[in-house]
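This report describes selected features of one protein model, with attention to charged pairs, a sheet and a helix. The sequence and structure are shown first.

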Amino acid sequence: MSEPITLNVGGMLYTTSLMTLTHYPESMLGSMFIGTLPTSKDQQGNYFIDRDGKMFRHILNFLRTSHLDLPADFRELDLLSREADFFQIQPLLQALQTIKSPVTKIKNNAMLNIFHDSQSHNVGSYTVKLVNVQVFSTSCALLKLLNSKFYYIFKGDNLSVDSDLEDLKFIPLEWVQSGRTSIERQYVMENWKSLYASPSHRQIQSLDMFVQQVIKIAVNGGFFLNSVPSVSFDPIILHFTQEQ
């Protein structure tokens, strides 16, 4: 049996097992503890997640049992739904939808989480910056839409982003920012992939530009943006509602 794992969720501590956290490997928690996504720790060495600590009790219980057991007077379904959406636990979202009041219109919400980092490489007298992102969403339709709109150019050839459409859980992307001079740009084009977005066919130069293109593609594809994101956070969280 694996060693217990302690999580600090919004200041509340929970101890559980790796088996529980990876019960749904396609979820964000599953990806974090399988090793697909980076994790952070607090000063005591506990894994830190900046989410609602009180609601995480119900998240964790569902991971343990695959059953949603809430108090009879529970009145925070919307908040719990947002937490389940963030952690991308699709069976829990489905369970929450079944217990919502029939008179309450259930919105088709989609949360998009963009994890990002970058590395700098010194090339001669200048620096090349590589940007890495991993895009997660509970909406497979939104992921497929984004997957179809981004592409690479490498050595003059157009390349797909190579995500598995049959089992699309997230989209990993990596691109290089273009050099400042013509010589730098030529060197970059010969050694790293550049990312472009259709139908504008604009080269993605920065993380901020990538996020703006994601929003534009989603809105043009029938999704309504509910919140304005900040690229200073990791992950960048976008809340969408799909138009009916």
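Are Arg-51 and Glu-83 buried or exposed? In this predicted model, Arg-51 is buried, and Glu-83 is buried as well.

**Salt bridges**

Side chains of opposite charge can pair when their charged atoms come close. The structure contains 2 salt bridges, listed below.

| Salt bridge | N to O distance |
|---|---|
| Arg-51 and Glu-83 | 2.9 Å |
| Lys-54 and Glu-76 | 3.9 Å |

The side chains of Arg-51 and Glu-83 form one of these bridges. Arg-51 belongs to the loop between β3 (47-49) and α3 (53-65), whereas Glu-83 belongs to helix α4 (residues 77-87), so the pair ties together parts that are 32 residues apart in sequence.

The side chains of Lys-54 and Glu-76 also meet in a salt bridge. Here Lys-54 is part of helix α3 and Glu-76 lies in the loop between α3 and α4, so this pair ties together parts that are 22 residues apart in sequence. Lys-54 has a relative accessibility of 54% and therefore counts as exposed, the cut-off being over 50%. Glu-76 has a relative accessible area of 30% and is partly exposed.

Strands of a sheet pair through backbone hydrogen bonds, either parallel or antiparallel. The model has an open sheet of 3 strands in the order β2-β1-β3, and its pairing is mixed. At the edges stand β2 (12-16) and β3; each has a single partner strand, so one side of each is left without a neighbour in the sheet. From one strand to the next, the twist averages 30 degrees.

Strand β1 (residues 5-9) pairs with β3 in the parallel sense, over 3 bridges. Leu-7 stands opposite Tyr-47, a residue of β3. Helix α3 packs on this sheet and touches β1 and β2. The direction of α3 makes about 10 degrees with that of β2.

**Helix α8**

Helix α8 (residues 207-220) consists of 14 residues. From its first C-alpha to its last, α8 reaches 20 Å, which is close to the 20 Å expected at 1.5 Å a residue.

Which residues of α8 are buried? They are Leu-207, Met-209, Phe-210, Val-211, Gln-213, Val-214, Ile-215, Ile-217 and Ala-218. Gly-222 follows α8 and has a positive phi, near 100 degrees.

Methods
Residues numbered from 1 in each chain as written. Predicted model: local features only at pLDDT ≥ 70, side-chain atom pairs only at ≥ 80, totals over all residues. Heavy atoms only, no water. Helix = DSSP H or I, 4+ residues; strand = E, 2+ residues; numbered from the N terminus. Expected span 1.5 Å × (residues − 1). Buried < 20%, exposed > 50% of the residue type's maximum accessible area, 1.4 Å probe, protein only. Salt bridge = Lys/Arg side-chain N within 4 Å of Asp/Glu carboxyl O. Pairing = 2+ DSSP bridges. Axes fitted to C-alpha atoms, helices over the stretch in contact; angles between N-to-C directions. Contact = heavy atoms within 4.5 Å.
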